[in-house]
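Hi there,

I'm handing over a structure that is new to you. Have a look at it below, and then read on for what turned up.

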Amino acid sequence: MRKAGLTTSALAATLLAVVALSLGACARPQSAQPPGAHLTVASTPLSTLATVPSTVATAALEQTGSASPTATATTQTHAAASQLATPSAPQLPVPIATITKPTPIRLMDEPRDLPVPMLMYHVVGDAPKGAALPDLYVPADKFVDQMNYLSRNGYHAVTMQQVYDFWHGRGSLPQKPVVITFDDGFTSDYTVVAPLLKTVDWPATLFLIVGRNKPRMHPNMVRDMIASGWELGSHTISHEDLPGLSTRDMRKEIVTSRARLRKVYGVPVNFFCYPSGRFNQRAEAEVADAGYLLATTTVSGLARPDRPYELRRVRVLGQMSVRGFAAALNSAH
Ligand SMILES: [Zn+2]
């Protein structure tokens with residue numbers, strides 16, 4: 001009964017987090033408009049949902065000081081969705097589209113050292129004007145096109161755990177596996193991405209910053225995503241560049257973030273993502289000592305089992321066309 005006791009303050013926090021997409025450490029847009037806020041997805045309120053008392057929504061909006069009044073109706077829908085969620089069924093927002101049904105999975109057992117593409121995303125939504133790093137924002141319609149490309153071309157999303165197990169002689173993989181990763185913990189992962197991927201039951205990997213995003217994703221959002229198949233990885237506590245830290249501070253970022261995520265969410269947290277892709281041998285050794293099984297970088301290419309703590313990824317840029325997306329995927333090596 002994890003949500004039966006949702007308090008008014010927790011509900012307000014949920015509202016707040018849905019209204020204002022958290023500004024992750026990789027992108028710190030200057031605009032007051034939350035990235036992708038207009039993409040908040042529930043265009044048709046769920047008929048079965050109760051209405052959240054307007055005082056709750058108002059309180060949340062007053063707390064943020066940045067949300068527009070027009071956001072209230074939509075956030076009420078989201079909050080109501082959270083309020084009525086049952087423990088057994090994740091209550092994700094309404095998807096903005098459905099992804100094309102994937103081709104039937106054809107499993108394979110060889111070769112065990114198969115390189116695997118791991119897509120790297122940050123925000124799904126439009127970049128606000130003047131965004132410092134606009135390429136971190138992939139518009140939602142482009143993201144849908146990219147997922148449809150994968151689906152129509154025989155790909156199936158898998159978790160990093162499935163890839164790790166496969167590389168170590170356990171289990172099978174689809175013939176064209178792909179891992180879909182999201183860095184930092186932007187709320188668009190919950191409002192836009194999770195409902196979309198749920199339409200085809202595809203998992204994704206969320207690399208969450210434990211301590212810095214404000215407002216960050218509400219833990220209940222993360223719990224719903226985990227319940228719908230998402231895998232949780234650590235992206236440290238403060239998103240500092242690791243090579244510049246003392247061994248003591250580096251260890252805290254790597255070890256403590258894992259411990260906290262495991263405690264809060266009750267999942268293994270076997271995977272790590274270097275903040276801003278910065279790593280060195282010292283960081284790799286600490287990540288391995290902390291018990292992580294794999295770690296991702298921002299180096300372009302395919303993930304390979306011979307470099308478990310230097311996994312390459314395929315970066316998806318903001319304005320990439322489907323053709324560009326396909327080229328990036330197919331040229332990765
Ligand atoms: Zn990051």
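A term to start with: two strands pair if DSSP finds at least two bridges between them. Helices (H or I, at least four residues) and strands (E, at least two) are DSSP runs, numbered from the N terminus. Please keep in mind that this is a predicted model, where local features need pLDDT of at least 70, side-chain atom pairs count only at pLDDT 80 or more, and totals for chains, interfaces and linings use all residues. Residue numbers start from 1 along each chain as its sequence is written.

The chain holds 10 helices and 12 strands. Of its 333 residues, 48% are buried (20 or more other C-beta atoms within 10 Å of a residue's own, with C-beta atoms placed from the backbone).

E2 pairs in the parallel sense with strand E7 (residues 177–184) over four bridges, and Leu119 stands opposite Ile180 in E7. E2 also runs parallel to strand E12 (residues 311–315), joined by two bridges; here Met120 stands opposite Arg315.

Ile180 turns up again beside Ala204. Leaving aside neighbours within four places in sequence, Ala204 is in contact (C-beta atoms, placed from the backbone, within 7 Å) with Ala157, Ile180, Thr181, Phe182, Val193, Leu197 and Trp230.

Happy exploring!

Conventions. Contact = placed C-beta atoms within 7 Å. Buried ≥ 20, exposed ≤ 12 C-beta atoms within 10 Å, placed from the backbone.
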